[in-house]
Amino acid sequence: MTHPDVLVIGAGMVGAWTALGLAERGLRVLVVDGGVPGGGSTGAAMGHLVVMDDSPAQLALCAHAMMRWRTAAPELPPSAEYDPAGTLWLACSDDELAEAHRKQEVYAVAGVSTEVLDAVALGQAEPLVAPGLAGGLRVPGDAICYPPAIVRTLLERAIALGAIVINQAVRAIRPGGAQLTDGTWLEAGVVVVAAGPQSGMLVPDLPVIPRRGHLVITERAPRRIHHQLVELGYLHSAHTLGGASVAFNVQPRVTGQLLVGSSRELVGFAPGLNRELLAMMLARASAIVPALAGMRVIRSWTGFRPATPDALPLIGAWPALERTWIATGHEGLGITLAPATADLIVAGILGEPPPVPSAAFAPDRPMPTLAAA
Amino acid sequence: MRRRRHDVVVVGAGPAGLSAAATAASMGRSVLLLDQAPRPGGQIWRHRAGASLPARARHLLDRVRESGAVHAVATVVDAPAPDTLMVDFGGRVDLVHTAAVVLATGAVERLLPFPGWTLPGVTGVGGLQALLKGGLQVRGRRIVLAGTGPLLYPVAASLATAGARVLAVLEQAPFSAVAKFGTRALRDPHRFVDAVRWRATAWRSAWHHDAWVVRAEGGERLEAVTISVGGRERRIACDWLGAAAGLVPRTELARLLGCALEGEAIAVDATQATSIPGIWAAGECTGVKGDAAAVLEGEIAGATAAGDGGGMASRHAVARGQGIAFGRQLADTFALQPALRTRVTPEAMLCRCEDVRVGAIDPAWTARQAKLWTRVGMGVCQGTVCGVACTALYGWEPPQVRPPLAAPPLAAWARWLTDVDSPTES
Ligand SMILES: Cc1cc2nc3c(=O)[nH]c(=O)nc-3n(C[C@H](O)[C@H](O)[C@H](O)COP(=O)(O)OP(=O)(O)OC[C@H]3O[C@@H](n4cnc5c(N)ncnc54)[C@H](O)[C@@H]3O)c2cc1C
Ligand SMILES: Cc1cc2nc3c(=O)[nH]c(=O)nc-3n(C[C@H](O)[C@H](O)[C@H](O)COP(=O)(O)OP(=O)(O)OC[C@H]3O[C@@H](n4cnc5c(N)ncnc54)[C@H](O)[C@@H]3O)c2cc1C
């Protein structure tokens, strides 16, 4: 395709939704990915589609994204493993239960319905959770999915609308253009950088850094956990961009397997495992779901979240380079936020009003520096 | 839960591992010999208590017993460092520190998909023999064997001896190639006697070359197979089918440890050293070449791992070279015919764990793309079976190995992860 309207760099969950959104509006779209589409951060993720309320801007974007996921769900193939299981936020103490009540009010304002469970109701909803917890907050609108298969479906739809996907790595960008590793320059009307945690390598000074996470998966078993279970303390772990941390996060797959997270650490793109952190993560998980201790583990892996210093994504024009748009920095929420991100980018490129206020995500907003964060 | 320390840990108690363990222990080293199977002997000498074994096997087992090597039923589940193994001793995971590791993990059967291969009643060739050794009753049962290489002979013979009706034995290689190999290989008196004995035992069976299974048929379980012999198809009613496409080195642990491969085998030098210092490998995991070569390589690996400075390796250099040459002959003679790949249909199951059929795969994909998009190889066996098939069908690299191996219970594995490098206690 010579001179497409839009060149999308990166075919992860964000790039795939964006490419489809643009193609649906009749634009000629070229997507370039240097790896396997859906094989970056997206291929390592849990696939929890979850509303978070770290900030009002994040909450509004999540609520819009979940509306988009629920609309898209009936059209997804079985391989997407879309499962409207909902989230159960666990309160380990009375203080955390008070936090659950506060959260319920905040969610209600954004139109997200929830249900506070006391200790007894929690025990009934999830018998495998250790006794002694204070309760929880159920968010029935949240869901679970298998991200790589969704990327594949979205790209196939974009291709059916005329988009082209090529397997090439980009080495550099300039206004309206990108240079492939073989030296050739691709020209386009505008360029969208959706290269996940690697985006910073293409856009100088873009405040995005990789934040490593571990996951562990068990063998198949009859399904005995019904919601994605996350401790309320998770938000703290996710928000604070400091040293290494773990938080309880367990997901039931449609196969009855359990996917166990989560850990966070800043180690660049280091491969391999941090066994010490992994042990903390697994200890935390089996303290809250004791039955996990006896379940067999078939594999562990790590992935890199595209993190920003203020825990909000970077979505919008990048003033330092004309005709260049940024769609990254979603940290641990990029699967969830991808459709909403695509909507903001499409509206921005077409000069339409955004579906949700977008100022908070402006990539050039003032931000703490990465070193100080 | 405790820590152990040994000079040498040998993983796998087949011919190579037994020989490595006996050699290193007789040089005064403290040796731990691990195998997940309940009794030592590996694939070829797998046996039940009290069963009779060939003299060679009894001799080697006696040597191990007298050497002082400690044999344990155990599986390696993780290797945080080349000198630190996490070992599951029947549900209890211990940390084993060691100066040297000898990998003698043997080979597994290459199971290539064909229509019906997942029906109950269909197993591998060695797999059927393992069932027989495990007590399967085959008297009067109608059996078809389809495979390649010398393994067909002992398996057919032992089934016949147990009273099975081995209706047909199919060797996929053409007769011309096998005949050429036979005259060379049978110059070795050992092998000649074995071959004659095995052929004689299974004399009632029809032996075919250039022959393979086109499909297995049946409702609830196997009822018949359609075979191709020299291009002509025929249907045979039967109760069991043992089908495989030869053997392939078993390398998960080696790959976890970061050892380089050469083709599908662990790469080793003349002293059986792998690319990772402190790790040696011997036997079929370094290339399929039979039990005699495995014993010899085990002796070299055991001696170098025990620190003999390469003396054993130079003494056995010629014999070792002959073993490798024999392996090469095996590989050439029993190279897979293209039909073994093209007989697959889109409906044939590729990955049993994740229910992925051949038709779901685009051969132009990379292994990683196929895995992410279709979940092939993501199941409990982690591609041990379908990864081998994908290499044969699509030329893909073996899948990346990530800890843990052998699916240990979460807590048993997690407990050790925190203090893998703290000082030794016991
Ligand atoms: C362990 C873990 C668990 C997670 N769990 C969840 C969860 O449950 N829910 C949730 O919402 N989010 C989760 N996330 C976060 C989520 O995975 C990411 O935010 C999201 O996948 C980012 O998507 P992306 O499309 O921006 O990036 P990626 O998926 O990384 O896509 C970027 C693509 O760009 C390509 N690329 C990069 N550089 C170049 C280049 N120079 N040239 C060409 N192509 C290039 C890459 O090959 C890649 O395919 C998790 C992340 C991790 C690590
Ligand atoms: C299914 C099968 C049946 C065979 N039957 C015959 C036969 O009847 N006659 C014949 O001549 N040849 C047979 N062979 C070929 C035979 O295996 C070799 O000729 C010879 O035994 C090779 O010796 P080895 O020590 O290299 O491997 P093996 O004998 O295969 O021994 C390897 C051992 O390592 C163990 N092991 C592997 N990984 C681990 C781990 N991570 N932790 C702990 N233990 C581990 C395995 O349980 C196994 O016992 C058979 C091969 C296979 C695969």
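Strand 9, residues 142-147 of chain B, runs parallel to strand 10, residues 165-171 of chain B, and six bridges join them; strands here are DSSP runs of E with at least two residues, numbered from the N terminus, and two strands count as paired if DSSP finds at least two bridges between them.

A word on conventions: this is a predicted model, in which local features need pLDDT of at least 70 and side-chain atom pairs count only at pLDDT 80 or more, while totals for chains, interfaces and linings use all residues. Residues are numbered from 1 along each chain as its sequence is written, chains are lettered from A and ligands numbered from 1 in the order in which they are written, and side-chain values use heavy atoms, with hydrogens and water left out.

Returning to chain B, the open sheet consists of five strands with parallel pairing, in the order 8-15-9-10-11. Its edges are strand 8 (122-123) and strand 11 (206-208), each of which pairs on one side only.

The domain assignment, which comes from an automatic or database source, divides chain B into domain 1 (3-108 + 248-331), domain 2 (111-245) and domain 3 (345-394). Between domain 1 and domain 3 of chain B, the C-alpha centres are 30 Å apart.

What surrounds ligand 2? There are 30 residues around ligand 2, the closest being B:Ala16, B:Asp35, B:Gln129, B:Leu151 and B:Glu284, where a residue counts if one of its heavy atoms lies within 4 Å. Among the polar contacts, meaning pairs of N or O atoms within 3.5 Å, a backbone N or O atom of B:Glu284 sits 2.7 Å from a ligand 2 oxygen, and a polar backbone atom of B:Asp291 is 3.4 Å from an oxygen of that ligand.

Turning to chain A, ligand 1 has 39 residues around it, with A:Asp33, A:Thr42, A:Val170, A:Glu331 and A:Thr336 nearest. A polar side-chain atom of A:Asp33 lies 2.6 Å from a ligand 1 oxygen, whereas A:Thr336 uses a backbone N or O atom, at 2.8 Å from an oxygen of ligand 1.

Finally, I come to A:Val29. Leaving aside neighbours within four places in sequence, A:Val29 is in contact with residues including A:Met1, A:Leu22 and A:Ile164, contact meaning heavy atoms within 4.5 Å.

Conventions. Helices (H or I, at least four residues) and strands (E, at least two) are DSSP runs, numbered from the N terminus. A polar contact is a pair of N or O atoms within 3.5 Å; within protein, one must be able to donate a hydrogen and the other to accept it, and residues adjacent in sequence count only if both atoms are side-chain atoms.
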